[in-house]
Amino acid sequence: MGIKRRQYWGLIFVLPAVIFFALFSYLPMINSFIASFHSKDIISLKAPVFVGFKNYIHIFTSEDFINSIKATIIFAVGCFIPLVTISLLIATVIVSLRRIPWIQNLFKMIYYSPSIVSGVVSATIWLLIFDPRGLANQWLNFIAGNPTPVDFKWLALPAMARLATIIIYFWKYVGYFVIIYFAGLVSIPQSLYEVADIDGASGWKKFLSITIPLLKPTIEFVFIVAFIQCVRTFSIQYVFVQSGSPREPINVVSLNIYTTAMQYHSLGRSTAMSVSLFCFILIFTIVQLRIYRSERVSYV
Amino acid sequence: MYIRGEKFKKHLRLIIPLVVLTVFALAILVPILFMLISSVKHPLDVFEFPFRWIPRRLHFYNYIQAIAGNDGNYYFIRLTFNSLFVAGSIMCLNVLVASAAGYGLTKFRFRGRQVIFVLILATMMIPFETIMIPLLMLTIRLRIQDSYMGLIFPVMLTAFAVFLMRQSILTVPDDYIDSARIDGAGELRIFFSIIFPTVKPTAVTLAILVFRESWDNLIWPLIVVQSQKYKTLPLYIISFLDEKYTNEAALMAVAVLATIPIFMLFFAFSRYFIGEGILTGAKG
């Protein structure tokens, strides 16, 4: 077999993947763009009508979508900040136990276990905890020392429903980021800390001037992944709304895309939301990468 | 005195982290323990005040109710099979197609190779929520909606999988492949008997991640399936939750049953989950 002909085998190996991405990624993406400029009822057989930017104008002037953006940002920021900080803190504490690896592994496994539980199951468990008769009320009343039990209305009040979804998300993913940080932390050479010890640096000083700068690639990765993941949240909000929570405070963009298409059958508006979400995530990632690229540190 | 002080300080340096980690671990474990304990409680005891962590009476009937369903149709068994079958198929197809693509992209020099790789990687930037509705329309046009094919094919591959397998296959020395060629092995044979076994650890990791994500997937089955017989477990839990006469203990029993397979996987392969490195790129 000639060298030239053999190279075409490469194409054959790549072909299934190429077909998949062309058919199930690029084609729907293109269709999404096209559909967002048309008006079409999903279940009717009528042909789509070109409407220009009308769908975009409609969603960006409607209270419904603006509220979705607000709900998504509140949720994403509310999850992001505790996720990226507390997981780093916990990972640092685990790393400090380097003499006893089995304890490290034990804690890593415990923290990671909620990530294994599926999104729907987690939401269901927490629904019962946040029930008016549930653990959350019982414990909060106990801590607050209330003589007569108060119902905090976790699932009914707008602010509490938001807080509840954030707590669930934090619980589910904190361990995932602990493990990523842990992997980054153990790769920092121990000798740097020993040198700092000789110089008499305090723990906090070591953390700020050795750990943080050298952990930067991991931190960058965690920031991008955590934020995009939070923006894309769906399961928890869906289960909450299904079980009777008010929709408005937790009507995140993905949930709105779903409802607009599957319940209101408006393909144009739903895809206009999709394209907006896509643009937002794209711009966010590009900006983040730009910022990171300009400030790299290396001590080794 | 000096020596004792030093020793005390050393102990303290061990005890404080342990206390912090244990408190945090308990907080993380509470919901999981709550699920396990509630699933064997009498339905009337799930919301008792104060909540008892050791049940007063054990009530395994919840599990029978979970499996039988509220109207005794035993859909749970069928839907468990669906979940296993769909997640299993996606796992196999994903690893196979991604490894083939990784092999083709690294060990052959055909025109357009780099372009294809970049175009595949670029799909990482497309969130699934952005394309799900057009993807559903496409699935309907292909006449595979509301079927196993519809559940499997449109979500069987990710750019991350191709990327992971490509990086792994890059490390396979060309000499292995060349000597096999000299021995007269065909390209398919080289792929299955040289490339695949060499990158097995990566393939196993990928397989586990993919299985877990498919098992967890709610949004795609939710929009692509209408009939009861193709639903997966997350949809079963939601329909169970929707039924107003569901008792909470049975609900927790369903949750436990839906979690058991994935926890078994977790404990069997925990080093792949919590090991360093590979997981860092997972999930997107």
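Begin at the interface of domain 1 and domain 2 of chain B, where the rule finds zero salt bridges; a salt bridge here is a side-chain nitrogen of Lys or Arg within 4 Å of a carboxyl oxygen of Asp or Glu. The model is predicted, so that local features need pLDDT of at least 70 and side-chain atom pairs count only at pLDDT 80 or more, while totals for chains, interfaces and linings use all residues. Residues are numbered from 1 along each chain as its sequence is written, chains are lettered from A and ligands numbered from 1 in the order in which they are written, and side-chain values use heavy atoms, with hydrogens and water left out.

**The two domains of chain B**

Select residues 2-66 of chain B for domain 1 and residues 72-281 for domain 2; these bounds come from an automatic or database domain assignment. The centres of the two domains, taken over C-alpha atoms, are 34 Å apart. In contact (heavy atoms within 4.5 Å) are 14 residues of domain 1 and 15 residues of domain 2. Together the domains bury about 1,100 Å², 77% of it on carbon and sulfur atoms; buried area is the accessible area (1.4 Å probe) that two parts lose on being put together, summed over both.

Next, display B:M35, B:Y63 and B:A66, which supply 46% of the area that domain 1 of chain B buries against domain 2, more than any other three residues. The rule finds two residue pairs in polar contact across this interface, both at pLDDT 80 or more. A polar contact is a pair of N or O atoms within 3.5 Å; within protein, one must be able to donate a hydrogen and the other to accept it, and residues adjacent in sequence count only if both atoms are side-chain atoms.

**Chain B against chain A**

Now show both chains. Here 95 residues of chain B are in contact with 94 residues of chain A, and about 8,300 Å² is buried between the chains, 80% of it on carbon and sulfur atoms. Select B:L21, B:F47 and B:I274: these supply 8% of the area that chain B buries against chain A, more than any other three residues. Two salt bridges are counted between the chains.

Move to B:E48, which is buried, with a relative accessible area of 11%; buried means under 20% relative accessible area, exposed over 50% and partly exposed in between (1.4 Å probe, protein chains only). B:K41 forms a salt bridge with B:E48, the closest N and O atoms being 2.6 Å apart, and both residues are buried. B:R52 also meets B:E48 in a salt bridge, at 3.3 Å, and B:R52 counts as partly exposed at 37% relative accessibility. A salt bridge at 4.0 Å joins B:R56 to B:E48, and B:R56 is exposed at 53%.

**A buried threonine in chain A**

Finish at A:T165, in helix α7 (residues 158-186) of chain A; helices (H or I, at least four residues) and strands (E, at least two) are DSSP runs, numbered from the N terminus. A:T165 is buried, with a relative accessible area of 1%. Beyond its neighbours within four places in sequence, A:T165 is in contact with A:F75, A:I236, A:Q237, A:F240 and A:I250.
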